[in-house]
Amino acid sequence: MEQNLEGLVIPKHVALILDGNGRWAKKRGLPRTMGHKEGCVTVEKTVEIAARMGIEYLTVYGFSTENWKRSAEEVGALMQLFRYYMVRLLKIASANNVRVRMIGDRSRFDQDIIDGINRLERETRDNTGLTFVIAVNYGGRDEITRAVRRLAADCAEGKQKAEDITEELLASYLDTAGMPDPDLLIRTSGEIRLSNYLLWQLAYTEIYVTDCLWPDFDKEELTRAIVAYNRRDRRFGGVK
């Protein structure tokens with residue numbers, strides 16, 4: 001039975017940890033790469049569903065700084081899938097007025113992937129609908145380290161003063177500069193950890209965990225998460 005969103009507060013920014021692709025494939029006797037491919041299909045559907053629901057920002061954990069530790073075969077397959085997916089994503093973004101933004105350290109990727117990322121951002125930057133953010137070669141600690149490094153360099157050059165550093169100033173050096181922090185984090189496959197994801201930005205985010213494996217995630221699962229979000233009392237450390 002599909003739940004109704006009428007009268008509910010729709011979170012402005014939803015972050016997703018897409019977990020369970022490998023397990024989904026294993027359950028069906030398929031190679032892990034098939035799970036990742038099916039996971040991309042689910043991402044496409046979720047972008048369209050989120051846009052129709054009125055979610056303004058959707059951020060997904062596509063490839064972490066730790067994922068390089070996987071087998072060369074799996075990493076290579078993921079890179080090929082990413083190349084294919086970027087072409088599809090450009091069409092999907094154009095059809096749905098979606099703006100695409102990538103966060104993470106893209107410098108480690110092959111040049112054609114870097115060029116593809118740059119093209120995606122460039123050709124969708126004037127779209128006015130949902131902002132779809134993909135974290136690629138991303139790690140929360142790495143992001144903060146890179147931000148502090150840039151801020152320290154600006155202080156050394158006299159562009160900033162150490163005594164003027166605030167949370168807001170440091171946040172402006174993060175990959176997510178200009179974006180609101182997530183209101184809701186959804187993690188699939190039942191794992192209960194942050195996995196080095198958006199460590200700064202998730203300080204007061206509501207967390208929802210589902211046992212659903214990512215390739216099986218659908219509108220009903222997203223609706224359940226939003227219903228649960230509406231039951232939370234968000235006090236941001238204060239008392240009401």
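Author: The discussion that follows sets values from this predicted model against the definitions behind the terms.

Reader: Why is Thr210 called buried?

Author: A residue counts as buried if its relative accessible area is under 20%. Thr210 has a relative accessibility of 9%, and therefore it is called buried. Thr210 is found in the loop between β6 (206-209) and α7 (219-230).

Reader: What makes the approach of Thr210 to Glu221 a polar contact?

Author: The cut-off for a pair of N or O atoms is 3.5 Å. The side chains of Thr210 and Glu221 make their contact at 3.2 Å, so the pair is within that limit. A polar atom of the Thr210 side chain also lies 3.1 Å from the backbone nitrogen of Cys212.

Reader: Which residues is Thr210 in contact with, leaving aside its neighbours within four places in sequence?

Author: They are Arg187, Thr188, Ser189, Gly190 and Glu221. Contact here means heavy atoms within 4.5 Å.

Reader: How do you know that Tyr138 and Tyr197 form an aromatic pair, and why is the pair called edge-to-face?

Author: The structure holds eight aromatic pairs. For Tyr138 and Tyr197, the ring centres are 6.2 Å apart and the planes are at 90 degrees. Centres within 6.5 Å make a pair, and planes over 60 degrees apart make it edge-to-face, so both terms apply to Tyr138 and Tyr197. The pair links distant parts of the chain: Tyr138 lies in strand β4 (residues 131-138) and Tyr197 in the loop between β5 (184-187) and β6, 59 residues apart.

Reader: Are these two residues, Tyr138 and Tyr197, buried or exposed?

Author: Tyr138 has a relative accessibility of 0% and therefore counts as buried. Tyr197, at 0% as well, is also buried.

Reader: How do you know that the span of helix α4 is close to the expected one?

Author: Helix α4 (residues 111-124) has 14 residues and reaches 20 Å from its first C-alpha to its last, and the expected value at 1.5 Å a residue is 20 Å.

Reader: Why are the buried residues of α4 said to line one face of the helix?

Author: The buried residues are Ile113, Ile114, Gly116, Ile117, Leu120, Glu121 and Thr124. Seen down the axis of α4, they fall within an arc of 160 degrees, and so they line one face. In general, an α-helix has 3.6 residues a turn, so residues three or four places apart point the same way. The covering of the buried residues of α4 includes α3 (72-96), β3 (99-103) and β4.

Reader: How does the span of helix α2 compare with the expected value, and what do its buried residues pack against?

Author: Helix α2 (residues 32-53) has 22 residues and reaches 31 Å, close to the 32 Å expected. Its buried residues include Gly35, His36 and Met53. The buried residues of α2 pack against β1 (13-17), α1 (21-27), β2 (57-64), α3, β4 and α7. After α2 comes Gly54, whose phi is positive, near 100 degrees.

Methods. Residues numbered from 1 in each chain as written. Predicted model: local features only at pLDDT ≥ 70, side-chain atom pairs only at ≥ 80, totals over all residues. Heavy atoms only, no water. Helix = DSSP H or I, 4+ residues; strand = E, 2+ residues; numbered from the N terminus. Buried < 20%, exposed > 50% of the residue type's maximum accessible area, 1.4 Å probe, protein only. Polar contact = N/O pair within 3.5 Å; in protein donor to acceptor, adjacent residues only side chain to side chain. Phe/Tyr/Trp six-rings, centres within 6.5 Å; stacked < 30°, edge-to-face > 60°. Expected span 1.5 Å × (residues − 1). Arc of directions from axis to C-beta.
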